Amino acid sequence: MSEWKSDKARSGGAKTGLLLATVGLFLVSAFIGAVFMMQQFRPDQAEVRGSGLWLATEVDRELLRLTSVIGRYARGDRDVTHDDVMLRFDILWSQVDNLRSGSLGQHVVSISEGEDAIDGVVSLLDNIEPALQQLAYRDLSAGQAIIDQIAVMIAPIHKMAQRVDKWEQEFIIEQTRSANRSFFLLALIIAATSVLGTVLLVFLFRENKRARDAESRVRQINQTLEQRVLNRTRDLEVAVQIADEANAAKSDFMASMNHELRTPLNAISGFAQMLVQETFGKHSDPHYLDYAKSIHDSSQHLIEIVGDVLDLSKIEAGQLEVKATKFSLHPVIEECSRLIGDGSRVHSNRVTTELADDTTTLFADLTLFRQIMLNLLSNADKYTPMDGLITVRTERGAGNEIIVRISDTGVGIEPEDLMMVLEPFGQARANSQVAHEGTGLGLPIAKSLIEAHGGRLELESQVGTGTTVTLVFPNE
């Protein structure tokens with residue numbers, strides 16, 4: 001399992017590394033491509049490329065055109081007016097401004113002899129503008145003087161145009177080389193990205209195949225487990241069916257025992273009671289009366305045992321029906337205490353009650369509550385010495401529960417025996433001297449009956465001091 005986890009971790013790390021490398025190369029190639037495109041389509045470069053030579057040539061041509069117009073005007077050509085001369089002058093100014101303005105002007109000025117040529121033209125235009133404005137029609141000498149000034153700048157402007165042409169050619173060559181280098185680098189990165197992408201795809205394909213194989217194995221394991229669960233479920237269903245049949249057989253047996261045992265036991269108890277009461281005359285020998293009392297007591301004890309066993313079987317089978325009603329609590333406790341006191345082997349006033357005023361009513365099954373109280377009081381009377389006392393107290397709990405405590409000053413129970421006495425037929429070893437008087441079903445039955453009400457039974461005891469059984473009934 002650890003090897004599989006380590007393999008999975010290594011494959012996951014390799015896959016992540018390949019993916020990151022591929023994405024990184026893709027981003028680098030995209031960045032280089034964007035930079036290249038920005039360099040190719042920069043506005044200033046687009047303005048310079050081809051524009052410099054054209055503008056320089058236009059300035060050269062406009063100088064020649066201006067010279068021609070001035071000469072024709074000075075010679076008296078009727079087709080040329082003074083406005084035509086000034087218009088041509090303004091056009092030349094416009095071309096010069098275009099040549100020296102913006103990023104194009106920066107590039108032209110940076111060329112050898114470019115700045116001097118432009119400054120010379122600007123100075124020339126500044127000098128001849130007043131002369132042109134005052135140039136008269138057929139003033140040949142003034143016109144020739146202006147033409148001579150312009151002729152001085154024609155050669156530098158022409159030379160500047162040649163230098164701009166050469167610079168543009170060099171600029172285009174350098175741009176081509178830069179583009180080739182960028183294209184080569186971009187192609188190299190794209191090739192590397194393609195290789196890594198191919199490796200990643202192969203790796204992912206293998207991982208996908210491995211995942212499908214693992215999924216297939218998991219599916220097979222799940223099918224095996226499902227089959228096992230199905231088989232186990234069938235076994236459990238068979239076991240439940242057998243248990244139900246055994247429970248039904250036990251219920252039938254208990255019903256049969258109830259009839260087959262109680263009927264003769266009731267007859268034995270009834271006839272023994274008639275013998276004790278000497279209904280048909282006195283016995284000829286006093287021993288017969290003692291024998292009749294023993295038979296009556298034994299049959300009554302056996303009837304109680306059979307009743308307890310039947311009650312426990314009914315509880316375990318889930319056939320106990322709780323019919324809860326609200327009843328007066330104090331009279332029922334007094335009645336049960338009196339019954340135990342009257343039947344006590346010691347004295348009738350050994351059972352005392354301390355009943356709180358806020359516990360006058362209880363919501364529970366009256367018959368089952370009586371059975372709980374009689375079982376617990378009978379146990380307390382059985383295991384309490386002749387000079388001991390039994391006390392029944394009631395109180396209201398923090399959660400508004402009804403709490404009933406039955407305390408005695410009996411022999412007590414060892415701590416290790418507390419759990420055992422709550423099990424069916426369990427008796428504490430310290431009580432072995434009176435163990436023959438009961439079956440060990442009183443406490444378990446009382447515990448089951450109060451739990452059927454949604455309450456609980458708590459047991460506290462100390463050897464030589466006594467035992468306290470606490471019944472907690474939930475608030476209705």
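Me: Before we start, what does "buried" mean here?
Reply: A residue is buried when its relative accessible area is under 20%. The model is predicted, by the way.

Me: Then is threonine 391 buried or exposed?
Reply: Threonine 391 has 12% relative accessibility, so it counts as buried.

Me: Where is threonine 391 found?
Reply: It is in strand β4.

Me: Which residues is threonine 391 in contact with, leaving aside its neighbours within four places in sequence?
Reply: Thr352, Glu354, Arg405, Ile406 and Ser407. With threonine 352 there is also a polar contact, side chain to side chain, at 3.4 Å.

Me: And how many Å separate the C-alpha atoms of threonine 391 and alanine 380?
Reply: The separation is 9.5 Å. Along the chain, those two are eleven residues apart.

Me: Let's zoom out. How many helices and strands are in the protein?
Reply: Eleven helices and seven strands.

Me: What share of the residues is buried?
Reply: 34% of the 476 residues.

Me: What about contacts with a separation of 6 or more: what part comes from residues 24 or more positions apart?
Reply: Those residues account for 72% of such contacts.

Me: Now rings. How many aromatic pairs does the count come to?
Reply: Two. In one of them, the ring centres of phenylalanine 327 and phenylalanine 369 are 5.8 Å apart.

Me: Why is that pair called tilted?
Reply: The ring planes of phenylalanine 327 and phenylalanine 369 are at 50 degrees, so the pair is tilted. Planes under 30 degrees apart would count as stacked, and over 60 as edge-to-face.

Me: Are the two residues buried or exposed?
Reply: Both phenylalanine 327 and phenylalanine 369 are buried.

Me: Which residues do the ring pairs link into a cluster?
Reply: Phe327, Phe369 and Phe473.

Me: Switching to serine 337. Where does it lie?
Reply: In helix α9, which covers residues 329-342.

Me: Buried or exposed?
Reply: Serine 337 is buried, with a relative accessible area of 5%.

Me: What does its side chain reach?
Reply: The side chain of serine 337 reaches the backbone oxygen of isoleucine 333, at 2.8 Å.

Me: And what does serine 337 touch, not counting residues up to four places away in sequence?
Reply: Val351, Thr353, Leu377 and Val392.

Me: Last topic, backbone angles. What is phi of glutamate 278?
Reply: It is near 50 degrees. That is a positive value in a residue other than glycine.

Me: Where is glutamate 278 found?
Reply: In the loop between α7 (140-277) and α8 (286-316). At 23% relative accessibility, glutamate 278 counts as partly exposed.

Me: What about phi of asparagine 400?
Reply: Asparagine 400 has a phi near 70 degrees, again a positive value in a residue other than glycine.

Me: Which loop holds asparagine 400?
Reply: The one between β4 (390-396) and β5 (402-408).

Me: Why does asparagine 400 count as partly exposed?
Reply: Because its relative accessibility is 34%. Partly exposed lies between the buried limit of 20% and the exposed limit of 50%.

Notes:
Residues numbered from 1 in each chain as written. Predicted model: local features only at pLDDT ≥ 70, side-chain atom pairs only at ≥ 80, totals over all residues. Heavy atoms only, no water. Helix = DSSP H or I, 4+ residues; strand = E, 2+ residues; numbered from the N terminus. Buried < 20%, exposed > 50% of the residue type's maximum accessible area, 1.4 Å probe, protein only. Contact = heavy atoms within 4.5 Å. Polar contact = N/O pair within 3.5 Å; in protein donor to acceptor, adjacent residues only side chain to side chain. Phe/Tyr/Trp six-rings, centres within 6.5 Å; stacked < 30°, edge-to-face > 60°.
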